[in-house]
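Trainee: I would like to go through this model term by term. For each label, I want the value and the cut-off behind it.

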Amino acid sequence: MDYSQMDNVVLIGQLQQGSEAAYAHLVREYHHALFSYAVSLCGDGPSAQDIVQNVFFKTWEKRKKLKPHLSIKSFLLKLTYNEFINFYHRSKATSKLEMAYRDALEQVVEDSDSELLRKKMAIVTEAIAQLPPKCRETFLLSKKEGLTNLEIAEYLNISLRTVEWHLAKAYDKLRKEVGDKLRSFLFLLFPIEKKILEG
């Protein structure tokens with residue numbers, strides 16, 4: 001089939017059937033226009049390339065749901081814009097996370113003593129390991145996996161109140177080990193808040 005002469009309806013039909021040749025034609029036909037559009041939105045070539053790659057990947061994923069008379073170009077442009085919005089929110093969240101991480105680091109580093117910091121972090125890690133099993137599991141699901149209290153309750157099949165009790169007990173024991181700077185130490189140990197980044 002001569003894909004260069006393919007009209008919109010036929011192209012979508014071929015994509016729905018999983019034609020890799022039609023998909024390759026789609027990429028060749030629209031990559032430059034989408035890349036230029038993405039650059040105009042984010043002002044960054046590498047980021048624009050990532051956005052466009054995601055657009056084509058999602059188009060292939062959703063190929064069976066494409067409507068026959070849909071304007072494929074309009075669909076791709078809209079998807080590019082949506083990917084830019086997602087990229088913007090992720091970048092913003094990551095920026096906030098990095099700032100919080102730096103703030104936490106400044107709070108716990110005393111006189112730039114990296115050895116002192118290492119020792120205190122080791123104390124926190126050991127204190128977590130010494131928590132009672134259920135208490136430790138609940139705590140790690142909260143801090144390491146980023147689950148909410150309700151999600152933890154459902155996952156462990158326990159009451160919300162029990163989750164809150166375990167967390168309170170964990171914080172109490174850990175605070176006795178490192179004092180008021182516990183929150184900063186925990187942030188340095190578990191810096192990736194999944195809920196923030198995925199939101």
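Mentor: Ground rules come first. This is a predicted model, where local features need pLDDT of at least 70, side-chain atom pairs count only at pLDDT 80 or more, and totals for chains, interfaces and linings use all residues. Residues are numbered from 1 along each chain as its sequence is written, and side-chain values use heavy atoms, with hydrogens and water left out.

Trainee: How many helices and strands does the secondary structure come to?

Mentor: Ten helices and zero strands. From the N terminus on, the elements run α-α-α-α-α-α-α-α-α-α. Helices (H or I, at least four residues) and strands (E, at least two) are DSSP runs, numbered from the N terminus.

Trainee: What makes helix 1 oblique to helix 2?

Mentor: Two packed helices are described by the angle between their axes and the distance between the axes. Axes are lines fitted to C-alpha atoms, for helices over the stretch in contact, and angles run from 0 to 180 degrees between N-to-C directions. Helix 1 (residues 8–16) and helix 2 (residues 20–42) pack at about 130°, with axes 8 Å apart. That angle makes helix 1 oblique to helix 2. The classes are: under 35 degrees roughly parallel, over 145 roughly antiparallel, 65 to 115 roughly perpendicular, and the rest oblique.

Trainee: Which residues make that contact?

Mentor: Helix 1 gives Leu11, Gln14 and Leu15, and helix 2 gives Ala22, Tyr23, His25 and Leu26. Contact means heavy atoms within 4.5 Å. By class, these residues are five nonpolar, two polar and no charged. Here Ala, Val, Leu, Ile, Met, Phe, Trp, Tyr, Cys and Pro count as nonpolar, Asp, Glu, Lys and Arg as charged, and the others, Gly among them, as polar.

Trainee: Is the crossing of helix 1 and helix 2 left-handed or right-handed?

Mentor: Helix 1 passes helix 2 in a left-handed crossing. A crossing is left-handed if the near helix is turned anticlockwise from the far one by less than a right angle, and right-handed if clockwise.

Trainee: What about helix 2 and helix 3?

Mentor: Their axes come within 8 Å and cross at roughly 145°. This crossing is right-handed. Among the contact residues are Leu34, Ala38 and Cys42 of helix 2 and Ala48, Ile51 and Val55 of helix 3. The contact of helix 2 with helix 3 divides into 16 nonpolar, five polar and one charged.

Trainee: How do you know that the length of helix 3 agrees with its residue count?

Mentor: The expected span is 1.5 Å times one less than the number of residues. Helix 3 (residues 45–61) has 17 residues, so it should span 24 Å, and its end C-alpha atoms are 24 Å apart. The two agree.

Trainee: Why is Ala38 called buried?

Mentor: Buried means under 20% relative accessible area, exposed over 50%, partly exposed in between (1.4 Å probe, protein chains only). Ala38 has 0% relative accessibility, so it counts as buried. Ala38 is found in helix 2. Leaving aside neighbours within four places in sequence, Ala38 is in contact with Gly43, Ala48, Ile51, Val52 and Thr80. Ala38 and Glu83 are 45 residues apart in sequence, yet 9.0 Å apart in space, C-alpha to C-alpha.

Trainee: And why is Thr80 called buried?

Mentor: Thr80 has 1% relative accessibility, so it counts as buried. Thr80 is found in helix 4 (residues 72–108). Not counting residues up to four places away in sequence, Thr80 touches Leu34, Tyr37, Ala38, Ile51 and Val55.

Trainee: Which residues of helix 3 are buried?

Mentor: Ser47, Ala48, Ile51, Val52, Val55, Phe56 and Thr59. Across the protein, buried residues make up 33% of the 199 residues.

Trainee: Why is Tyr171 called partly exposed?

Mentor: Its relative accessible area is 25%, so Tyr171 is partly exposed. Tyr171 is found in helix 8 (residues 160–178).

Trainee: Why does Asn157 count as exposed?

Mentor: Asn157 has 71% relative accessibility, so it counts as exposed. The place of Asn157 is in the loop between helix 7 and helix 8. Its phi is near 60°, a positive value in a residue other than glycine.
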